Amino acid sequence: MTDDEHATARALYQAYLARVVVLDRHRRFADRVVEATSGSGQTPVEPLATMGKHGGPLRCDVCGKPMILEGGAFDGVHADEAWRRNPQQGWKSWMSGGLVVQIESNRTLRIYHGYPGRSGCVQKAAKADAADRAEFRSRSNPTEVSAKLALIRAYLKAELPDQSSDAVVSDIYKLLFVYDPGLGINSLE
């Protein structure tokens, strides 16, 4: 491996490590939101009202608006306002127009108004994602990616033999060379 190839591989590996640090925080957060909002029927109100950025409401990744409740005393009220009025642990409500909590391919969180496979924000998100993925594929150069992965594999074998497994190289590939949908609006940043 030449000095330039070594420097390139090292830079790629450092970029991978930095991305892992960023994504790990967001992935843990996404897992907490999924757990807090899971279940069938009505949705727990507290996570929708308090698990967004800086303790605010979770918002739809398409329209940016918080979730609206349906029925009862809080019909048509945003979840964060309903929680402010009634901060009681464990209460649930129906979501006006539906709610989708989704984990993306990079294992980060997305929240959408609507129902899977139907109209509204969910459908808009699916169309935008398909367009973004197609655009990414059109720019991707498989030969260049293969060459960079070979450099990374050689670098790891020489410099960090305990990190040179196929699993590590596969993870590096996924984080650096596969379409990344980003962090979403409900990210911690």
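This is a predicted model: local features need pLDDT of at least 70, side-chain atom pairs count only at pLDDT 80 or more; totals for chains, interfaces and linings use all residues.
Helices, together with strands, are DSSP runs numbered from the N terminus, a helix being a run of at least four residues.

**Stop 1: a pair within H3**

Select glutamate 81 and arginine 84, which form a salt bridge whose closest N and O atoms are 2.5 Å apart. Because the two residues lie three residues apart in helix H3, about one helical turn separates glutamate 81 from arginine 84. Glutamate 81 counts as partly exposed, at 24% relative accessibility, whereas arginine 84 counts as exposed, at 57%.

**Stop 2**

Arginine 133 counts as partly exposed at 24% relative accessibility, and glutamate 104, at 10%, counts as buried.

**Stop 3: the E4 and E5 hairpin**

E4 and E5 run antiparallel and are joined by five bridges; isoleucine 103 stands opposite leucine 109 in E5. The two strands form a hairpin with five residues between them, and in the turn arginine 107 has a positive phi of about 65 degrees.

**Stop 4: the three-stranded sheet**

Now show the other strands, where an open sheet of three strands has the order E1-E3-E2, with antiparallel pairing. Its edge strands are strand E1 (43-44) and E2, each of which pairs on one side only. Between E2 and strand E3 (residues 92-95), which run antiparallel, there are two bridges, and leucine 69 has methionine 95 in E3 as its bridge partner.

**Stop 5: the nonpolar cores**

Keep leucine 69 selected and display its surroundings: leaving out residues up to four places away in sequence, leucine 69 touches residues that include Val45, Phe74, Val77, Ala82, Trp91, Trp94 and Met95. Which residues have the most contacts inside the largest nonpolar core? They are Leu58 and Leu69, in a core of 26 residues. Helix H1 (3-37), helix H2 (45-50), H3, strand E4 (99-103), strand E5 (109-113) and helix H4 (121-139) each supply at least two residues of this core. Apart from it lies another core, of 17 residues, among them Tyr16, Leu23, Val145 and Leu175.

**Stop 6: valine 77**

One of the residues touched by leucine 69 is valine 77, which is found in the loop between strand E2 (69-70) and helix H3 (79-85). Is valine 77 buried or exposed? Its relative accessible area is 11%, so valine 77 is buried, the cut-off for that class being under 20%. Set aside its neighbours within four places in sequence, and the contacts of valine 77 are Met67, Ile68, Leu69, Ala82 and Arg85. A C-alpha to C-alpha distance drawn from valine 77 to leucine 58 gives 14 Å, for two residues that are 19 apart in sequence.

**Stop 7: H1 against H5**

Select H1 and helix H5 (residues 142-159), whose axes come within 9 Å and cross at roughly 90 degrees. H1 is therefore roughly perpendicular to H5, as angles of 65 to 115 degrees are classed in that way. On the H1 side, show Glu5, His6, Thr8, Ala9, Arg10, Leu12 and Tyr13, which meet Lys148, Leu151, Ile152, Tyr155, Leu156 and Glu159 in H5.

**Stop 8**

Finish with arginine 19 and aspartate 180, which form a salt bridge with the closest N and O atoms 2.4 Å apart. Arginine 19 lies in helix H1 and aspartate 180 in the segment after helix H6 (166-177), so this pair ties together parts that are 161 residues apart in sequence. Arginine 19 is partly exposed, with a relative accessible area of 21%, and aspartate 180, at 28% relative accessibility, also counts as partly exposed. The salt bridges visited on this tour belong to a count of eight.

Conventions. Residues are numbered from 1 along each chain as its sequence is written. Side-chain values use heavy atoms; hydrogens and water are left out. Buried means under 20% relative accessible area, exposed over 50%, partly exposed in between (1.4 Å probe, protein chains only). Contact means heavy atoms within 4.5 Å. A nonpolar core is a set of buried Ala, Val, Leu, Ile, Met, Phe, Trp, Tyr and Cys residues joined through side-chain atoms within 4.5 Å. Two strands pair if DSSP finds at least two bridges between them. A salt bridge is a side-chain nitrogen of Lys or Arg within 4 Å of a carboxyl oxygen of Asp or Glu. Axes are lines fitted to C-alpha atoms, for helices over the stretch in contact, and angles run from 0 to 180 degrees between N-to-C directions. Angles under 35 degrees count as roughly parallel, over 145 as roughly antiparallel, 65 to 115 as roughly perpendicular and the rest as oblique.
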